[in-house]
Amino acid sequence: MTTVTLRPQPATAPQSAMQLRELIFGAACAAAVRATAKLGVADALGDEPATAEELAAALGVEPRPLRRLMRAVSCYGIFAETEDGRFVHTPMSRLLRDDDPNSLRFISLWCTEPWTWAAWPRLDEAVRSGGSVFHDLFGKGFFDYLHEDAHESAHVFNRAMTTSSMQSARDLVELLDMTGVSTVADIGGGQGHVVAGLLEKYPHMRGTLLDLPRVVEKADARLREGGPLADRAVIVGGDCREDIPVEADLYIIKNILEWDDDSTRRTLRNVMAAARPGARVVIIENIVDDTPSMKFTTSMDLLLLLNVGGAKHTKESLVTRMKEAGLTVGEIREVNPYLHAFECTVPS
């Protein structure tokens, strides 16, 4: 690989005014990341340094605006510019590649979809009312709008959730202690990446995936008929807020207790009704306090307020909900910098 010398970056201005100016123009940064992801710049740049002109030719875009775009994102560590004016990858720019195992390309697109630009300016209204602004903006609820009116955005959402779920599933499978567990249920588990990973790792275990019918019909191919795990997997189409017709040694609930307090209480109540005494319940959530990822999780928290009126939890609020449901709360562990696992049991 060619050795390159990076151009020195400007010194960071410590003044409060400069810091606030940068925050005020945060929308420009988000838009620049989105444009970079949509154009596929990170995929076009290989291991060798390339000029903006070379990248523009590969992408079919104008070179001068592309150079301006790359200069902007390079300020944040997405690509770096060499002294001779070429660009090279950085750890962050590689995360915008489709082929990176930890790719954030579709997450970056999802969080900057067209509807977000209409919703963010109305955050003050959401703070005043305490509820979503989405219905006022688009005449219908968030998920109805996605599936009925914004098919491309729905596709981006599905890709983003799939890649995010696959990445967190790897971490979760490594974290969980499955001693004494012969049956596991993934409640609201999306396409079932967590339960599939567990069944692969533990060949004598059986698993159940429960989620809405339209979600589980696209379940991980390993779990579906003809898949290598199908004989040990059960796929159930249903709404965990209404009923959880599954008995298991371990119930996993990941990132579904954030829509509203009522649905959280109903889901936990249904787990308690389904689980036998002594069963384990592991609840995995992003939390908005006492973590290195607070800038990220608090931003997601505000986006939830805008689109569905939901909220991310603090440790205290989540533990309170669990105890209210009757669960015995045990250890709280970090899955990764963005997720925490709350170990609970159903009292005997």
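Predicted model: local features only at pLDDT ≥ 70, side-chain atom pairs only at ≥ 80, totals over all residues.
Start with the core. Select Leu66, Met70, Phe79, Trp110, Trp115 and Leu146: within the largest nonpolar core, which has 38 residues, these touch the most other members.

Keep Trp110 selected and show what surrounds it. Leaving aside residues up to four places away in sequence, Trp110 touches Trp115, Thr116, Phe142, Leu146, Ser153, Val156, Phe157, Ala160 and Met161. Two of these contacts, Trp115 and Leu146, can be kept on screen from the previous selection.

Next, turn to charged side chains. The whole structure contains 22 salt bridges. Select Arg67 and Glu81, whose side chains form one of them, with an N to O distance of 2.5 Å. This pair links distant parts of the chain, 14 residues apart: Arg67 sits in helix α5 (residues 63–74) and Glu81 in strand β1 (residues 80–81). Glu81, at 9%, counts as buried.

Now select Arg86 and Asp84. They form a salt bridge whose closest N and O atoms are 2.9 Å apart. Arg86 has a relative accessible area of 25%, so it is partly exposed.

Move on to helix α9 (residues 123–129) and select Arg128 and Asp124. Their salt bridge has its closest N and O atoms 3.0 Å apart. The two are 4 residues apart in the helix, so about one helical turn separates them. Arg128 is exposed, at 67% relative accessibility, while Asp124 is partly exposed, at 39%.

Notes:
Residues numbered from 1 in each chain as written. Heavy atoms only, no water. Core = buried A, V, L, I, M, F, W, Y, C linked by side-chain atoms within 4.5 Å. Buried < 20%, exposed > 50% of the residue type's maximum accessible area, 1.4 Å probe, protein only. Contact = heavy atoms within 4.5 Å. Salt bridge = Lys/Arg side-chain N within 4 Å of Asp/Glu carboxyl O.
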